[in-house]
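Subject: Structure for you to look at

Hello,

Here is the structure I promised to hand over. Please open it first, then read the notes below it.

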Amino acid sequence: LDLSRLAVGNLKQVEIVKGPSSSLYGSEALAGVINLITENPNGTRGDLSARYGANRTSDLAGNFAVRKGIAGLSVFGNRYASGGYDFTPAVFGQTVPPFATYTLSPKLTLDFSPKTRLVLSSRLFTETQNQDSELGDKTRLTGEGRVREATFNPWLSHRFGERFKLTGRFYNTRYRTDGTLNYLADGSAYDESFFDQSFRRAEGQGEWFLSKKHVLTLGAGRIWEAVEATRYDDRKRFQTSYAFGQYEYTPTDRLQVIAGGRYDAHSAYANQFSPKLSAAYKLREGLTLRGSAGVGFKAPDFRQLYLNFGNAVVGYTVLGSQELAAGLAALDAQGQLADLLADPATFGTLRPESSFATNLGGKISLKNGFRFSLNAFRNDIDGLIETQAVARKTNGQNVFSYRNLNRVFTQGVEVEGSQQLAVGNWQLAISAGYQFLEAKDKDVLARLRAGEVFRRDPTTLVTVRVKPSEYGGLFNRSKHAANVKLFFENPKTGFSASLRGIYRSRFGFADGNSNAILDAASEYVPGYALWNLSAAKTFGPRLRLQAGVDNLFGYRDPAFIPNLAGRLGWVSLGLSLEKKPARRP
C-alpha cells in the first residue's frame, strides 16, 4: 500500500486493532488492522483548505456534505502537487521530479428505515509525474508516468427484528500505472510500460444477537483478482473463496471472550484455516487486561509478483519478484543504476507466508484524563514476504523488490501514555509512546550458533567468524522507536499550537560484506529524530489560519532516506461553512 495515495481530509477516525485479526478482516491481517473510517453526511456544511510550502508544494482540499430526508451526500476533493527536489545536482535528473495527484471521493447514504441502510462510496485517484533522464551516451529521454485508481464500494445492511442483522458488501477496485519515455531529439518512442490490476470482493455477513451474553457472526465471500502487465501476453488471474465465523461470549460485565476462525481456498496456493482466540478482563473500573493468539495466512499478491512502478512522491522504484531481472536490465540500459545492494539471483518465486501471533497487555483509563497502555507481542512467521533494497539509482533513490524469509520472529513491547490538563484558560494534552522491537531470522541464528557464518573485514581483508551478538536482525527494523506530542489550546482566544517529535534508532539497510545478513556497523542507517512545529489561530467559527515547520532541525540523509527533503515550512488557510437548522416556531 502506497500511503501517499491516501488523502486524509475526509477521515472521521482511525481505528487500530492489535493482534491477529484474520477472522473478520481477511487473510492479510496477520498482526493487526488499521481501519480508516470516512465521514458520513450529516447536515449541510462545506470545508475548504489551501496549504502551500517548500519545494512549491501545494495542497488544496474541499469537503461538502448535505442531508435531506433519507439521503445524505458528501463529496471530497483534493489536489496535492510539488515541484520536486534534487539531492544529486551532479547527476542529471531530480531526486523527486515534479508531480501532481488528484483525489475525488463521493459518498451517498440512504436510510430507508431505522433498520435498513444503503451506502455507496467510491474513490478516484490520479497521479502524473514528469520523466526526464539520460542514457549512458547522454541521449535525452522525456515522458510521463501516470497512476490511476478507481474504487467502488457499496454495502447494504438490514436488521430483522432485534436478534439478526444481515450485511452485504461489494468491493471493486482497479489500479493502473503507465510509463512512456521518448527520445527528446525526434519524439520517437524509447519505452512504454503498464501494470493493470483489478480486485473484486463480494461478501455476505450475518450477526445473531442471541442474548446480551452471546453474539455469533458468520460470513462468506469470494475474491477475483486479475493483472495485465507489459511483459506478459496472457492475463494472470487468482480466485479465493473464504468463510469465517466469530463467537463473542460475555459471561459477566468484567469478562469478554472472542473465538473465531477463517478458511481460505486459494486457486494457486494451498488452502488455509486461521483460528483466533482473544479475551479482555476488567480488573476494576479503569483497568483492563487483554490478550489474543491466532494464526494468519497471506498469499503473494499481484503487486509483489508483477509490479513495475516508480513512486513519484518519493522517487523510488518497486519491482515485483517476477519483474526484477527485466526491470533492473531496463534501468541499467537507461543509465539509472549506480550499484547493486543485493544479488538479484537470490530473489526467487514467492510463496505464501503464515504466522502465529500472540499479544498480552493492559490499559488504564482514569477520570482525571490519564491514559496508559502496555502491550507485549510475539509473531512467528514462516515464509515472511520481505521488502528489500536491491539496487541504488543514480539519483540517490533505491530499487526495491520482494523475497521470502524461511523462519523469522518479531517480538517486543509497546508503551503508550497520555494526560490532559487544564491550566487557567489553557488546555494541554501530552502523549508519548515507545516501542522495543527484536526481529530476527531463526535460520541465521542457528547458523551463527553453529559457527557457520563468516565475514571479510573490508580494511584488513581477513575473514572472521560472526558472533551471535553481532547479528542485528532483519533489515529495515529499528530496535527502538518513540514519539511525543504536546498540544496547547486556548478556546477563548482561538489559539493553538503543537510540537511533535518522532525518534527512530538505527536500522539495517543492505548487506555490505556479501554474507547476506546484518552484522557490520557500515550496514546500518544512523538513528534520527524529527520535530514538527505548528501554530493556528481561528477567527470566529469559520476561518482558521495555520503555519508550521516540518523537520524543524532540517535532518537529511540523501543516501538512505531520500524522502526527507530537509526543513519544510508551510502555511494554510481553512474555511468552514455550515447551514444551521431552522428554528421551530
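The notes below go from the whole protein to single residues.

**Overall picture**

Keep in mind that this is a predicted model. The protein has 585 residues, and 40% of them count as buried. Its secondary structure comes to 4 helices and 31 strands.

How does the radius of gyration of the protein compare with that of a compact globule? For 585 residues, a compact globule would come out near 25 Å. The protein has 26 Å, so the two agree. Along the principal axes, the C-alpha atoms fill a box of roughly 85 × 55 × 55 Å.

**Surface and charge**

The side chains include 73 positive and 54 negative ones. The centres of these two sets lie 10 Å apart.

**Aromatic pairs**

How many aromatic pairs does a search of the whole structure find? The search finds 13. One of them joins Tyr-247 and Tyr-249. This pair is stacked, with 6.4 Å centre to centre and 10 degrees between the planes. Tyr-247 counts as partly exposed, at 32% relative accessibility. Tyr-249 is also partly exposed, at 32%.

Phe-509 and Phe-560 form an edge-to-face pair. Their centres are 5.0 Å apart, and the planes are at 70 degrees. Phe-509 lies in the loop between strands S27 (507-508) and S28 (524-525). Phe-560 lies in the loop between strands S30 (543-550) and S31 (568-579). The pair therefore ties together parts that are 51 residues apart in sequence.

Phe-560 is partly exposed, at 28%.

There is also a cluster: ring pairs link Phe-160, Phe-164 and Trp-208.

Ala-432 lies in strand S22, which covers residues 426-441. Ala-432 is partly exposed, with a relative accessible area of 38%. Which residues is Ala-432 in contact with, leaving aside neighbours within four places in sequence? They are Val-415, Glu-416, Gly-417, Asn-483 and Val-484. Thr-252 is 180 residues from Ala-432 in sequence. In space, the two are 33 Å apart, C-alpha to C-alpha.

Best wishes

How values were computed
Residues are numbered from 1 along each chain as its sequence is written. This is a predicted model: local features need pLDDT of at least 70, side-chain atom pairs count only at pLDDT 80 or more; totals for chains, interfaces and linings use all residues. Side-chain values use heavy atoms; hydrogens and water are left out. Helices (H or I, at least four residues) and strands (E, at least two) are DSSP runs, numbered from the N terminus. Buried means under 20% relative accessible area, exposed over 50%, partly exposed in between (1.4 Å probe, protein chains only). Contact means heavy atoms within 4.5 Å. The radius of gyration is taken over C-alpha atoms; the globule rule is 2.2 Å times the number of residues to the power 0.38. Lys and Arg count as positive and Asp and Glu as negative; His and the chain ends are not counted. The place of a charge is taken as NZ of Lys, CZ of Arg, CG of Asp or CD of Glu. Rings of Phe, Tyr and Trp (its six-membered ring) pair if their centres lie within 6.5 Å; planes under 30 degrees apart count as stacked, over 60 as edge-to-face and the rest as tilted.
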